[in-house]
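Open the model in your viewer and keep the selection panel at hand. The stops below go one by one.

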Amino acid sequence: MIEDSDRTSRQLAEKRPPLHLSFEFFPPKNDATEERFWESLHKLAPLHPEFVSVTYGAGGTTRERTLRMVSSITDQTGLSGAAHLTCVGATRDEVDAVVRAYQAAGVNRIVALRGDPPEGVGQPFTPHPEGYRNAADLVAGIRRIGDFDISVAAYPERHPQSPDWQSDIDNLKSKLDAGATRAITQMFFNNADYLRFLERARAAGITAPIIPGIQPIHSFKQISGFAARCGASIPPWMAERFEGLDDDPETHALVASAVAAEQVTELLDEGVTAFHFYTLNRSNLVLALARLLGRRAN
Ligand code: FAD
């Protein structure tokens, strides 16, 4: 045990691989939350992320806010902004107009997603009759408009609507073949799921980076709700660690740091060198995790 941890620290100190970080934010709803958005972003900016992405509300409900925030990121922080975009409930022309608005605002990175129906994540998706059919179709549409850096979604535990692994991996491949540069995964808490998924993707001939999406647990109650809705499982050991901590924020925060630290250092030991953090517009846990990965804000 002691030898193992000695070896890990030595490896880290001696041969640190180039690390790529990216951060995901959501568009703030009001002035108070906007203040927190910028405060967190300014704290995280010295970590030199490759990009900072801003999500797109279900059904395109945050179209203007996403555009405003993502276009201000470079001006305010010098970082590269990436805009999420979905094709729910919109015609191709409407979606293309959003892509052109990003282009005009100097945003050249897009996270291209199908999105979920307004009735909820678990409901079947029916494309708009004149809309993009799915994320692969959207990627191809964006490519026709301009030379964007495009990321797409991947699911270490399979997308809940994928009938089997083969179609899940085929679907990821079709998004990358349509012109995406990388995939970013849904949150997961069992690293073995991610590593198995990587093996499956590589075996299918996918060579693009598949970046683990890391969700620090700011609130176990909230995150387990999100996870259930998007098909990410909560391992029993993790539920046990957080059990009874809803009213004990200090212990909850300590357990959350330990859980996320274990997850990222284990992935680093497995050779993972790029991490996408779901920040929920907060900086503290991400700052600590980046430091464990060898990146300091300075
Ligand atoms: P797709 O890749 O198009 O497909 C999802 C599933 O549908 C596939 O597994 C496939 O099995 C099935 N499928 C696709 N095409 C076909 C077909 N032709 N026939 C049969 N089955 C098919 N949502 C938002 O609303 N806003 C966001 O900002 C946002 N950001 C996200 C960021 C990341 C990193 C991730 C992982 C997810 C994000 N989501 C977001 C959630 C995402 O919109 C949902 O997970 C959605 O259910 C699927 O989107 P997708 O792009 O993976 O879809």
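Where is the place of L172? Select L172: its place is in helix α6. Helices (H or I, at least four residues) and strands (E, at least two) are DSSP runs, numbered from the N terminus.

Before going on, note that this is a predicted model, in which local features need pLDDT of at least 70, side-chain atom pairs count only at pLDDT 80 or more, and totals for chains, interfaces and linings use all residues. Residues are numbered from 1 along each chain as its sequence is written, and side-chain values use heavy atoms, with hydrogens and water left out.

**Stop 1: L172**

Stay on L172. Is L172 buried or exposed? L172 counts as buried because its relative accessibility is 2%. Buried means under 20% relative accessible area, exposed over 50%, partly exposed in between (1.4 Å probe, protein chains only).

Now show contacts (heavy atoms within 4.5 Å). Not counting residues up to four places away in sequence, L172 touches V152, A153, A154, A183, F197, I206 and I210.

**Stop 2: A153**

Move to A153, one of those contacts of L172. A153 is in strand β5. A153 is buried because its relative accessible area is 10%. Not counting residues up to four places away, A153 touches L113, L172, K175 and I184. Select P163 as well: 10 residues separate A153 and P163 in sequence, and 17 Å separate them C-alpha to C-alpha.

**Stop 3: the barrel**

Colour the strands. Eight of them close into a barrel, in the order β1-β2-β3-β4-β5-β6-β7-β8, with parallel pairing. From one strand to the next, the twist averages 30 degrees. Two strands pair if DSSP finds at least two bridges between them.

Pick β3 (residues 81–86) and β4 (residues 109–113): they pair in the parallel sense over five bridges. L85 has A112 as its bridge partner in β4.

Next, helix α6 (residues 165–177). It lies across β5 (149–154), β6 (182–187) and β7 (210–214), and runs at about 175 degrees to β5. Helix α7 (residues 191–203) packs on the sheet too, touching β5, β6 and β7, with its direction at about 160 degrees to that of β7. Axes here are lines fitted to C-alpha atoms, for helices over the stretch in contact, and angles run from 0 to 180 degrees between N-to-C directions.

**Stop 4: the cores**

A nonpolar core is a set of buried Ala, Val, Leu, Ile, Met, Phe, Trp, Tyr and Cys residues joined through side-chain atoms within 4.5 Å. Which residues touch the most other members of the largest core? Among its 63 residues, they are I210, F275 and F277. Helix α10 (residues 249–269) gives the largest share, five residues. Another core, of 24 residues, lies apart, and includes A82, I217, A227 and L245.

**Stop 5: the ligand**

Now look for polar contacts (pairs of N or O atoms within 3.5 Å). A polar backbone atom of R114 is 2.8 Å from a ligand oxygen. An N or O atom in the side chain of H159 lies 2.8 Å from an oxygen atom of the ligand. For N171, a polar side-chain atom is 2.8 Å from a ligand oxygen.

Methods
Polar contact = N/O pair within 3.5 Å; in protein donor to acceptor, adjacent residues only side chain to side chain.
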